[in-house]
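Here is a walk through a two-chain model, starting where the chains meet. Keep the sequence and the structure side by side as you read.

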Amino acid sequence: MKFWRHILSAISLTIILEINLFSQGGINTAFQSGESLRFKGSYFMSSLWADLAEVKIDVADLNSGGKSLYMITATASTFSNYDSFFKIRDLFQTYIDKNEVKPFLFKRIVDEGGYKFNMKYVINRNTLQAKFEFIRGPITRNSVIKITENTQDLVSVLYYVRTFDFEKVTVGKSISIPTLIDDKVEDIVITYRGKETIKTEAMGSVQCYKIGLSANNKAVVNKESNNIWLTADKNKVPVLVKAEIPVGSIQLRLVEARGLKQ
Amino acid sequence: MENTRESKKSRPVSFLLLIPALLLGIIALAMAVVGLGMIPLLPAAAGILLGLISYFIFRGSYTAFTKIVIGVSVVAALMSVFRSTLINEKVSADQAFDSTMVNTQLGIDSDLEDAFSSDSTVLE
């Protein structure tokens, strides 16, 4: 009887430890104000590719209401030769707490081939509610969404993951991060898949943490093949993102990194 | 006499290969002009393959036309490789987008004030 109790205690302790290791996420030692990452977005079909767009993510300081925040701005823009066919100018902006990497405000301004809309979440961590606003032409939709302590948005979730200490996580372990997607909270499941060496344009060959991403979303096709590679150092810079879509696959490759913390 | 007859018989079959080959070549060329990276290589390769099959199997029929068809696909393939490897794609300056980025700062303080407040919004 005692033997089984010990075994159960050991299993519980291991699970608690694993949860705690992932929960260390949120304390930022990975990025700072002034960091600027530039990616090339490519579309793949039968192992042939086309570079379609540039994605830029910049981190800046912002003080508001007595709080020190990071303003993270991500933009996606098609290259000039595609502009006359299908011009994309997307903007994602999140305002996160500097210490805990929790968002307070998220804005998304979309212009994809003339399809335009604006989206905003005002995230109140005292009341655990997010005010959602969606504007498309004359149509405005408002709602209030219940959130949890760890709820992230589409941009802050990347920076939140960068604060995890993957050295202490065993391969195959997963964690769910509640994330605001459209007008609801969906769980993004992060799975640590071990280390791999990735050849990059910006940093040469670097050892990386391979992180699996999955969500219960129609846009996600093969959950096993959606991965992000973060450098296996203190900065945990995202160098490569691969995702499968219903027609082919897309990739984001880091081409320039400036203002890194370490 | 026999050879001429065979050549005349094979002409429609050869034509059935050359028309799709030409279409694939034109599609590949159009894609390469637009700049779809290496993807135009797919239709170009198919166009070249069909052209070569027609050239070697049905020798003597539409020879000049076959060469033109293969040539279109080869040009498309070369253009695709050239553009992908030598031309550095750039994002064009966009004043409207720049002003959108500036405008996102408007009303930020009141939104953040709302986010920091302890007033509870009634859930709908």
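Start at helix 5 of chain B. Its buried residues pack against strand 2 (48–64), strand 4 (89–97), strand 5 (103–112) and strand 6 (115–124) of chain A. Helices (H or I, at least four residues) and strands (E, at least two) are DSSP runs, numbered from the N terminus. A residue is buried if 20 or more other C-beta atoms lie within 10 Å of its own, exposed if 12 or fewer, and partly exposed in between, with C-beta atoms placed from the backbone. Two residues are in contact if their C-beta atoms, placed from the backbone, lie within 7 Å.

The model is predicted: local features need pLDDT of at least 70, side-chain atom pairs count only at pLDDT 80 or more, and totals for chains, interfaces and linings use all residues. Residues are numbered from 1 along each chain as its sequence is written, while chains are lettered from A and ligands numbered from 1 in the order in which they are written.

Which residues of helix 5 of chain B are buried? They are B:Asp111, B:Leu112 and B:Ala115. These residues lie on the same side of helix 5 of chain B because they cover an arc of only 95° around the axis. The arc is that of the directions from the helix axis to the C-beta atoms. B:Asp109, B:Ser110 and B:Glu113 are on the other side of helix 5 of chain B, and they are exposed.

Now take in the whole interface. In it, 31 residues of chain B are in contact with 34 residues of chain A. On chain B, helix 2 (41–57), helix 4 (95–103) and helix 5 (108–116) each supply at least two residues of the side that touches chain A. Helix 5 of chain B gives the most to that side, with 8 residues. By class, the side of chain B that touches chain A has 14 nonpolar, 9 polar and 8 charged residues. Here Ala, Val, Leu, Ile, Met, Phe, Trp, Tyr, Cys and Pro count as nonpolar, Asp, Glu, Lys and Arg as charged, and the others, Gly among them, as polar.

Next, the chains themselves. Chain B has 5 helices and 0 strands. Chain A has 3 helices and 15 strands. Of the 124 residues in chain B, 34% are buried. Of the 262 residues in chain A, 34% are buried.

Turn to the core. A nonpolar core is a set of buried Ala, Val, Leu, Ile, Met, Phe, Trp, Tyr and Cys residues joined through C-beta atoms within 7 Å. The largest one has 83 residues, and those touching the most other members are A:Leu105, A:Ile123, A:Ile211, A:Trp229, A:Val239 and B:Ala28. Helix 1 (residues 2–34) of chain B gives the most to this core, with 9 residues. Beyond its neighbours within four places in sequence, B:Ala28 is in contact with residues including B:Pro40, B:Ala44 and B:Ala77.

Finish with two backbone angles in chain A. Most residues other than glycine have a negative phi. A:Asp182 has a positive phi of about 55°. It sits in the loop between strand 10 (174–181) and strand 11 (184–200) of chain A. A:Asp182 is partly exposed, with 13 other C-beta atoms within 10 Å. A:Lys236 also has a positive phi, near 45°. Its place is the loop between strand 13 (227–231) and strand 14 (238–244) of chain A. A:Lys236 is buried, with 24 other C-beta atoms within 10 Å.
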